[in-house]
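Notebook open, structure loaded. I'll jot things down as I look them up.

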Amino acid sequence: MHLTREEERLLDSDNPAVRKAMELLVQLGDIYGAEEMVEIGSAQASGISYKSIGDPGVQFLEGFAEEGATTSVPTYANPAGMDIERWREMGVDEAFARKQERILDALREMDVVTATTCTPYLAGNLPRQGEHVAWAESSAVSFANSVLGAKTNREGGPSALSAAITGRTPKHGLHLDENRVPTHVVEVEASLDSMSDFAALGSWTGRIVEDGKPYFVGVDAAGTDDLKGLGAAMAASGAVALHFTEGVTVDEGDYDLAGLERLTFDEAAKDEEYEELTTGADPDLIVFGCPHTSIEEIQEIARIVEGERLGPDMWVLTSAAVKSSADRMGYTETIEDAGGMLLTDTCHVVSPLEELGYEVTATNSAKAANYLPGFCEQTVVFENTRDLLEEAIEA
Ligand code: F3S
């Protein structure tokens, strides 16, 4: 791989953390056949929950910070294993919390912004069209590539951190325009009336196209939250990192679709996907915010539960940035008066949910529905927001 003089200097740095980061990126570049590095505008680090990385991860991050690792571009972190302030109310035990705090301290020492969220684009890290970034969270990668028009591969935890430190990443995969083209056409005949309908479409598509790049036709309109849910689901049931929606994210005629495999998502496929993702009944927990909720989603939840009382527990997951708006608007109070919790910094998958006594979790997210059984030992109810809440409101 060709390295610039600056990159040679980084590879030869007196700072061991910089040297290690650059060595890792060069190795990855060689593995993927990259000819050069590309400078990035931001990074997003994953693998920062104590549940995910355990003691070896704590030691790695603390060691890296001690060696002098510091980010050189704006870098946000993915969700942690707990709400940084309200972990006791979640039921997280003290030993877990202390380890998680050590991870967050190490990240802060490296100048990683510990506004830990999977929607950094709703919390202050918004790449521009065409900008190269090195993000790790699969749903955020999908959103950055597909909706924002930024360019990123799905980084692993160490490679995203190395990119954050050096300010560059190997130029391969989705950093190259020739790889940013559709592989399948998905004709959408089913009505898409809620974010969970988009998520069902994503879950169905991802399972079929795996790491392909689907091009959707027949979608009349899609909001930010719909696209967030669609991309997250495709990255969970498959490994889709880039998708296209005609008339929404791309104009008709932008790509040559002749000869691509064609799929049809009709009402029957949609119904089957809801059935496929629903494995339980009578939830003891409802989770919204996979990916982390926007203020509009929180507003919708608050309006439905206002003055009501929920039977099951409810977690509404979001970033600290979005929660501060929800606090000001009174949505947090409304949701918590109904028996829910508006939690920041964390999510069901990376928190020790399975140790908190829950067995059946309801969600409007197909990504959550795909992950909850394996990562959190849950059976799942998958439904749209309104139906989930109306069923959960106590008579
Ligand atoms: Fe975010 Fe956790 Fe879902 S990281 S996308 S809320 S699994």
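I started with E276 and found it in helix α10, residues 267–277. This is a predicted model, so I'm reading everything here as computed. E276 also belongs to a negative surface patch, together with D271, E272 and E275.

Next I went to the ligand. Which residues surround it? I listed P79, C118, E137, S139, G289, C290, P291, C347, H348, V349 and K367. Sorted by type, that shell gives me six nonpolar, three polar and two charged residues.

The peptide bond joining C290 and P291 is cis, with omega about 0°. I placed P291 in the loop between β10 (285–288) and α11 (295–305).

Another backbone entry: E210 isn't a glycine, yet its phi is positive, about 55°. E210 sits in the loop that runs between α8 (195–209) and β7 (214–217). I noted both entries because most residues other than glycine have a negative phi, and most peptide bonds are trans.

Last, salt bridges. How many are there? I get a count of 24. The one I looked up is E67 with K20, where the closest N and O atoms are 2.7 Å apart. What does this pair tie together? E67 is in the loop between α3 (50–66) and β3 (75–77) and K20 is in helix α2 (residues 16–32), so the pair links parts 47 residues apart in sequence.

Terms used: Residues numbered from 1 in each chain as written. Predicted model: local features only at pLDDT ≥ 70, side-chain atom pairs only at ≥ 80, totals over all residues. Heavy atoms only, no water. Near = heavy atom within 4 Å. Nonpolar A, V, L, I, M, F, W, Y, C, P; charged D, E, K, R; others polar. Patch = residues over 30% accessible without salt bridge, like charges linked within 9 Å, V, L, I, M, F, W, Y side chains within 5 Å. Areas by Shrake-Rupley, 256 points an atom, 1.4 Å probe, with all protein chains shown as cover. Salt bridge = Lys/Arg side-chain N within 4 Å of Asp/Glu carboxyl O. Lys, Arg positive; Asp, Glu negative; His and termini not counted. Charge placed at Lys NZ, Arg CZ, Asp CG, Glu CD. Helix = DSSP H or I, 4+ residues; strand = E, 2+ residues; numbered from the N terminus.
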